[in-house]
Number of protein chains: 2
Amino acid sequence: MDRSKVMILPTSAMELASDLSARVTKQMLVVAGNCTAEFDGRIKSHLDWGDRILIVKPDESIILHGPAGIKPLNWQLPGEGRVNFLEENEILILRTYRPRTAEHFEIRFREVFNAWTYDATDLAQMKISGDESHFSQYLSRHLDLVEPGLDLMFLEFITPHGYIDILCRDQEGKHLVIELKKQNATLSDAHQLERYRDFFLNKESRIVRAMLIAPSFSMRVKQYLSKRGLEAKEFSWQDVFPTLPEFQHPTLDDFLYKD
Amino acid sequence: MDRSKVMILPTSAMELASDLSARVTKQMLVVAGNCTAEFDGRIKSHLDWGDRILIVKPDESIILHGPAGIKPLNWQLPGEGRVNFLEENEILILRTYRPRTAEHFEIRFREVFNAWTYDATDLAQMKISGDESHFSQYLSRHLDLVEPGLDLMFLEFITPHGYIDILCRDQEGKHLVIELKKQNATLSDAHQLERYRDFFLNKESRIVRAMLIAPSFSMRVKQYLSKRGLEAKEFSWQDVFPTLPEFQHPTLDDFLYKD
DNA sequence: TATTGTATTTCGCAT
DNA sequence: ATGCGAAGTACAATA
């Protein structure tokens, strides 16, 4: 336990402007204080004085957080614009300009509570399981969970209208298009499914079933689907998707081929 | 310039667990160090050891950032689960459980570089102009920018298929449905527009024009539209939308009724 | 509370 | 580079 990585900076605007300028793109920068923020680009935003915390990463991404909520108040994507620190009338200013999008971003601190920098290395890669692609791969190997007698034809079947999650054949030999959603089904999802179905109707003059699988459906979506002969299947992903009681750094294969 | 708001904490796991526990939900907490993170809920994620910065806000939102990129590695939404700090074998642990979604979140620090807390008040409200709703309201008052002789009929016209951004009448008296997008048009947008048009065809047996306005269209979307008699209008929002050279805290009215 | 739609969406992946 | 769809999307507005 040591602080060797951390450099606590003086909080005067002039010193900070110089210290931060020397460290930007090299270290993580953290500044807490009272500031305003202006963004002018795809949108215009103005934020009056308030207590916030600023993080500037070595890749020049910028994140400004207030005391509530999970989304930053303002931000900048990595590599979008060079970060400049300067001082004017005791105000510490962070200013960027993004050439690509012609956007300006400026943060002005009239008071700094705490400022420090540190070196950070993080080689770890996030391991994730349970996203939509896992869901569809799992379900494609357990089609009996959808209905008995289904035979898988294609995963990620390509059409001019996009990718069909699962294409299979039912007990009567009819094609079945399955569109999977991990979240509540939306009208847009229903339209997507409809496009896929219509693709087969138009291009192959073939009658196909089409089914939207999602954890829940609003009334409006249900009606839209049923009115067009599209099927809706409520499928609580949490109930069906296998839960690993302890996280064991599973690979995708572990995940898919485990029973 | 003072640090009166800031409390620098000792970095030993045991002391931190106690200090942070005492301050959580009361102050902003900031901890930088080397940690792992596990999330088990809607998805499972595992993150191996790495240098990261943790922010815990008084509303119990949690944000964990690595040294790159703008999105947090892991997070927790405000009010979703009580935040607990504890110490085990010199490891500082943040642990939450969310009853509502049955989700677990755990961060383990084996080393803490810097830890501190502060009081933050931020009463400012973000003032934004230039989002989609401003765009549509502005355009509804300047329909000549779309084509000459248009008369506004409805803004946000409700149909069973959703809201039509702008409904107007053209020089020949035909209805024109306008769907606006601030970003590139997608197939889903085109399909949405098609359904609005079909709504009028089916329900009112009325021929209507339908136009998708967006800054850009992919070839696929263009073809989809033209094949169905739907119109595409490229409309660089940045060129047309009035730019306020200095941000003057405009109200929506200032914005709309200003010439 | 549930639903709906926007977002400076961001991000990854495939073409 | 561009296009496309998912996201532990988050978030606000609305019914």
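**Exercise 1.** In which sense do strand β9 of chain A and β3(B) pair, and over how many bridges?

*Solution.* Before starting, note that this is a predicted model, in which local features need pLDDT of at least 70, side-chain atom pairs count only at pLDDT 80 or more, and totals for chains, interfaces and linings use all residues. Residues are numbered from 1 along each chain as its sequence is written, while chains are lettered from A and ligands numbered from 1 in the order in which they are written.

Step 1: find β9(A) at residues 127-129; strands here are DSSP runs of E with at least two residues, helices are runs of H or I with at least four, and both are numbered from the N terminus. Step 2: β9(A) and β3(B) pair in the antiparallel sense over three bridges, where pairing requires that DSSP finds at least two bridges between the strands. Step 3: check one bridge, in which S129(A) has K44(B) of β3(B) as its partner.

**Exercise 2.** Work out what each chain brings to the contact between chains A and B.

*Solution.* Step 1: count the residues, 65 from chain A and 62 from chain B; two residues are in contact if their C-beta atoms, placed from the backbone, lie within 7 Å. Step 2: on the chain B side, β3(B) provides the largest share, eleven residues. Step 3: sort that side by class, which gives 31 nonpolar, 17 polar and 14 charged residues. Ala, Val, Leu, Ile, Met, Phe, Trp, Tyr, Cys and Pro count as nonpolar, Asp, Glu, Lys and Arg as charged, and the others, Gly among them, as polar.

**Exercise 3.** Which residues of helix α4 of chain A are buried, and which are exposed on the face turned away from them?

*Solution.* Step 1: within residues 219-227, V221(A), Y224(A) and L225(A) are buried, meaning that 20 or more other C-beta atoms lie within 10 Å of their own, whereas exposed means 12 or fewer. Step 2: down the axis of α4(A), the buried residues fall within an arc of 95°, so they line one face of the helix. The arc is that of the directions from the helix axis to the C-beta atoms. Step 3: the face turned away carries M219(A), S226(A) and K227(A), which are exposed. Step 4: the cover over the buried residues includes α3, β13 and β14 of chain A.

**Exercise 4.** Describe the surroundings of DNA strand D.

*Solution.* Step 1: 25 residues surround DNA strand D, the closest being D131(A), E132(A), G162(A), N74(B) and S218(B); a residue is near if its C-beta atom, placed from the backbone, lies within 6 Å. Step 2: β5(B) gives the most to this surface, with three residues.
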